Amino acid sequence: MDRFDAMQAFARVVETGSFTKAAETLHLSRTTVTQLVQQLESRLSVRLLNRTTRKVNVTPDGAAYYERVLHLLAEMDDAETSLSGALASPRGRLRVDVPSPFASMILVPALPAFHAKYPDIQLYLGASDRIVDLIDENVDCVVRGGEITNQSLVARHAADLPLAVYAAPSYLERSGHPSHPSELDLPLHRIVSFSWSRSRRLFSHRIRRDGESVDVRGRPALVVDDGHAYLAAGLAGIGALWLPSYMAQAHVARGELIPLFTDWTIDPMSMYVAFPQNRHVSAKLRVFIDWLIELMAQHVPVVSRPPLHRDTGS
């Protein structure tokens, strides 16, 4: 038995709560993962996991051992990355998930520069607006908008996206040009609304001017859970929509979108890079996060906040 492989398999089973999911993320068979954990339990002469037909639970001894294993795995990774060659050229695979518009408009076009600097890092990029389970899906980090309320994640504040309200000329010709944000709540007008895929919760938008504050919920003509579909719906004239400036600016320049309420302000959307709080930050993940935050700073303002925090929830 390779004790390193066995400890890694055990830790992943604890994190995913499943031998099957652990096997998938480690690219091993379920039988191999099961045998590794069984061999580890035999060597230690203690039961680490309780198995049932539906789930796997860690025992008290297993929970204590898991904490020690995490430190050992982290120290082993540090030992490898402390070598001058590893520090100079981080290597390995990273799994990252980011919003789809951010991927296509900002991240992917900049990747040649990243790969030129770190040619031995292989990125597995998920480009979606769904809520990713970082542990179950073995994702190293995500970029997300809005406050991070998951207490199992460490979040690094990266940027604030300026937001504004836009509509296509075809929509304004059909429904009229609203002069006040509250008009978007009237029967004449429609909006395109965005919903996170799991919660299905729709959001209101607060917009301010000279001490006046208005919460606009609007009457959705269409609800989507993907950023590209959201933008496409606005361009098609289905309704008014709220967009970050990086998504809107090219369409405004071409006359495809018209800014509304230009003398009003909307609170920006905070952007975070998040990763599991019990996941060791390897050299390859550290350089990617630093590069990513520098990239975001070139496109959107960065406000001064503590560089790293664990969100305590809302």
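Before looking at helix pairs, I noted how axes are drawn: they are lines fitted to C-alpha atoms, for helices over the stretch in contact, and angles run from 0 to 180 degrees between N-to-C directions. I also kept in mind that two packed helices are described by the angle between their axes and the distance between the axes.

**Ground rules.** This is a predicted model, where local features need pLDDT of at least 70, side-chain atom pairs count only at pLDDT 80 or more, and totals for chains, interfaces and linings use all residues. Residues are numbered from 1 along each chain as its sequence is written, and side-chain values use heavy atoms, with hydrogens and water left out.

**Overview.** I started with the protein as a whole and found 10 helices and 16 strands. Both come from DSSP runs numbered from the N terminus: helices are H or I with at least four residues, strands are E with at least two. Of the 314 residues, 45% are buried. Buried means under 20% relative accessible area, exposed means over 50%, and partly exposed is in between (1.4 Å probe, protein chains only). I then looked at contacts, meaning heavy atoms within 4.5 Å. Among contacts with a separation of 6 or more, 77% are between residues 24 or more positions apart.

**H1 against H2.** Helix H1 covers residues 3-16 and helix H2 covers residues 19-26; they pack at about 125 degrees, with axes 8 Å apart. That angle makes H1 oblique to H2. For the cut-offs, under 35 degrees is roughly parallel, over 145 roughly antiparallel, 65 to 115 roughly perpendicular, and the rest oblique. The crossing of H1 and H2 is right-handed, the label used if the near helix is turned clockwise from the far one by less than a right angle, with left-handed for anticlockwise. On the H1 side I listed Gln8, Ala9, Arg12, Val13 and Thr16, and on the H2 side Phe19, Lys21, Ala22, Thr25 and Leu26. By class, the contact of H1 with H2 has 5 nonpolar, 3 polar and 2 charged residues. Nonpolar here covers Ala, Val, Leu, Ile, Met, Phe, Trp, Tyr, Cys and Pro; charged covers Asp, Glu, Lys and Arg; the others, Gly among them, are polar.

**H1 against H3.** How do H1 and H3 lie relative to each other, roughly perpendicular or roughly parallel? Helix H3 (residues 30-44) packs on H1 at about 110 degrees, with the axes 8 Å apart. The pair is therefore roughly perpendicular. H1 brings Arg3, Asp5, Ala6, Met7, Ala9, Phe10 and Val13 to this contact, and H3 brings Val33, Leu36, Val37, Leu40 and Arg43. I counted 9 nonpolar, no polar and 3 charged residues in the contact of H1 with H3.

**Val14.** I stayed in helix H1 for Val14. Val14 is partly exposed, at 23% relative accessible area. Not counting residues up to four places away in sequence, Val14 touches Leu49, Val58 and Tyr66. I also checked Val14 against Gly62: 48 residues apart in sequence, 8.8 Å apart C-alpha to C-alpha.

**Two positive phi values.** Ser45 is not a glycine, yet its phi is positive, near 55 degrees. Ser45 sits in the loop between H3 and strand S1 (49-51), and at 66% relative accessibility Ser45 is exposed. Phe261, also not a glycine, has a positive phi of about 55 degrees. I found Phe261 in the loop between strand S13 (258-260) and strand S14 (265-266). Is Phe261 buried or exposed? Phe261 is buried, with a relative accessible area of 8%.

**Ala164.** Strand S7 (residues 163-167) holds Ala164, which is partly exposed at 22%. Beyond its neighbours within four places in sequence, Ala164 contacts Leu241, Trp242, Leu243 and Ile266. Ala164 and Pro259 are 95 residues apart in sequence but 7.1 Å apart in space, C-alpha to C-alpha.

**His251.** Last stop was helix H9 (residues 245-253), where I looked up His251. At 12% relative accessibility, His251 is buried. Which side chain makes a polar contact with the side chain of His251? That of Glu256 does, at 2.7 Å. A polar contact is a pair of N or O atoms within 3.5 Å; within protein, one must be able to donate a hydrogen and the other to accept it, and residues adjacent in sequence count only if both atoms are side-chain atoms. Leaving aside neighbours within four places in sequence, His251 is in contact with Leu231, Leu235, Glu256 and Leu257.
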